[in-house]
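Thank you for making time this morning. I would like to walk you through one model, and I will take it in order, from the overall layout to the ligands and then the core.

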Amino acid sequence: LFSAVEMAPRDPILGLNEQFGADTNPAKVNLGVGVYYDDNGKLPLLKCVIEAERQMFEAPKARGYLPIDGIAAYDKAVQGLVFGADSAVVTGGRVATVQAIGGTGGLKIGADFLKKVNPNATVLISDPSWENHRALFTNAGFTVGTYPYYDAENKGINFAGMIDALRAADAGTVLVLHACCHNPTGYDITDAQWDEVVAVIKERNLVAFLDMAYQGFGEGIAEDGAVIQKFVAAGLDFFVSTSFSKSFSLYGERVGGLSVVCASKEECARVLSQLKITIRTNYSNPPTHGAQVVATVLNTPALRAMWEEELAGMRVRIKQMRVLLVDKLTAAGVKGDLSFITRQKGMFSYSGLNKDQMVRLRGEFGVYGVDSGRICVAALNTKNIDYVADAIVKVM
Ligand code: PLP
Ligand code: TYF
């Protein structure tokens with residue numbers, strides 16, 4: 001039965017993790033996978049999460065099946081974060097939101113649903129994008145292409161190329177857009193550029209699928225969510241996937257969501273029924289724990305305030321590491337404009353280092369980044385940054 005089964009390629013990023021684990025260099029630093037570590041290099045367990053779990057422990061609940069679309073209070077909280085609780089699309093019943101198994105689960109439910117609605121559509125992802133975007137949409141049966149995004153020469157975004165590609169796309173083409181904190185480059189388009197993108201999507205009848213895996217890591221929860229308002233204001237139907245893996249440091253709990261904005265309440269009810277079929281035929285209904293933690297935090301004012309502060313702490317620390325990295329590299333005599341590092345947003349930095357340099361960083365220094373030159377700034381800290389900066393200077 002399995003004699004002709006081919007060996008599948010490893011996930012290039014998760015594969016790096018295994019390699020890192022096996023590395024015996026005591027000075028090794030993992031800047032590969034996109035995970036936030038605190039200044040002691042530890043994966044944080046947020047205080048708001050501990051407190052929510054304490055409350056849950058003190059009033060224990062039996063674990064029946066959840067509704068197919070998840071915990072209602074959770075879905076409502078997701079809508080509040082993404083659209084604003086008082087947003088007319090939410091109060092008007094035009095957003096179908098389901099709990100999903102991480103942001104990946106949200107993308108997958110959306111992709112499977114889209115395949116039914118729009119089976120012949122092409123999906124366009126940014127060049128480059130999160131590795132899993134291509135694989136996930138390909139697996140859902142779509143042909144996946146790219147739109148230009150990264151401009152290596154100018155250390156920024158090839159926006160003219162991007163907008164031209166959108167203008168040239170056929171009606172119905174699905175556009176996967178990073179709502180904020182672009183993975184892997186760290187470069188986000190500006191407010192005015194978003195306006196242009198939204199206008200072209202409307203004009204060309206494209207379908208926007210916003211992947212929001214880092215809300216709160218760019219400029220703030222509301223600030224990062226503002227891009228969603230542009231799509232709402234334009235009267236578009238669109239998709240938003242949500243992930244709390246990073247913002248709650250709940251990676252392993254797999255907490256995410258999918259929201260689909262529809263033209264009317266009646267349409268929304270039909271869309272929701274189809275999302276539920278997708279879920280039911282894949283895993284029946286979602287798990288309880290992680291979503292209950294997030295719902296408790298988001299719906300309890302004191303915990304919500306605690307979370308916002310802790311998230312701000314992560315955001316600010318990453319920004320500090322960017323500044324510090326520029327300072328260290330500059331002090332070590334690196335010439336040229338390094339301001340791109342502080343211009344980038346979120347966890348990642350396209351460092352501009354090439355594959356050979358990334359391989360040397362790994363082999364000679366135990367500093368693990370992705371071959372593309374992506375490093376996870378959120379894994380830098382005041383203890384490892386000198387070592388990392390020194391290693392980078394040595395391979396440059
Ligand atoms: N989308 C992007 C752009 C990501 O970087 C990630 C990171 O893991 C995800 C989606 C998936 O999130 P999750 O781990 O919640 O599935
Ligand atoms: O890009 C990253 O590093 C994160 C984590 O298949 C990740 O988004 C990487 C690969 C993958 C799943 C998660």
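The C-alpha centres of domain 1 and domain 2 lie 27 Å apart. Please keep in mind throughout that this is a predicted model. The chain is divided into domain 1, which covers 12-45 together with 304-395, and domain 2, which covers 63-299.

Let me turn to how these two parts meet. On one side 27 residues of domain 1 take part, and they are in contact with 23 residues of domain 2. The side of domain 1 that touches domain 2 takes at least two residues from each of α1, α12 (301-331) and β11 (348-350), and α12 gives the most, with 7 residues. Sorted by class, that side of domain 1 has 16 nonpolar, 6 polar and 5 charged residues.

Which domains supply the shell around ligand 2? At least three of its residues come from domain 1 and at least three from domain 2. The residues around ligand 2 are Asp11, Ile13, Leu14, Val33, Gly34, Trp130, Glu131, Asn132 and Asn183. Helices α1 (12-22) and α6 (131-139) each supply at least two residues of this shell, and by class the shell has 4 nonpolar, 3 polar and 2 charged residues.

Ligand 1 is surrounded by Gly34, Gly102, Gly103, Thr104, Trp130, His178, Asn183, Asp211, Ala213, Ser243, Ser245 and Gly256. Here helix α5, residues 102-117, gives the most, with 3 residues. By class, the shell around ligand 1 has 2 nonpolar, 9 polar and 1 charged residues.

Finally, the core. The largest nonpolar core has 116 residues, and those with the most contacts inside it are Leu175, Ala208, Leu210, Val294 and Met347. Its largest share, 8 residues, comes from α12, the helix that also gives the most to the side of domain 1 that touches domain 2. This core draws at least three residues from each of domain 1 and domain 2.

To take one residue as an example, what is Leu175 in contact with, leaving aside its neighbours within four places in sequence? The partners of Leu175 on that basis are Leu124, Leu166, Ile201, Leu206, Val207, Ala208 and Phe209, and of these Ala208 is itself listed with Leu175 among the residues with the most contacts inside the core.

How values were computed
Residues are numbered from 1 along each chain as its sequence is written. Chains are lettered from A and ligands numbered from 1 in the order in which they are written. This is a predicted model: local features need pLDDT of at least 70, side-chain atom pairs count only at pLDDT 80 or more; totals for chains, interfaces and linings use all residues. A residue is near a molecule or strand if its C-beta atom, placed from the backbone, lies within 6 Å of it. Helices (H or I, at least four residues) and strands (E, at least two) are DSSP runs, numbered from the N terminus. Ala, Val, Leu, Ile, Met, Phe, Trp, Tyr, Cys and Pro count as nonpolar, Asp, Glu, Lys and Arg as charged, and the others, Gly among them, as polar. Domain bounds come from an automatic or database domain assignment. Two residues are in contact if their C-beta atoms, placed from the backbone, lie within 7 Å. A nonpolar core is a set of buried Ala, Val, Leu, Ile, Met, Phe, Trp, Tyr and Cys residues joined through C-beta atoms within 7 Å. A residue is buried if 20 or more other C-beta atoms lie within 10 Å of its own, exposed if 12 or fewer, and partly exposed in between; C-beta atoms are placed from the backbone.
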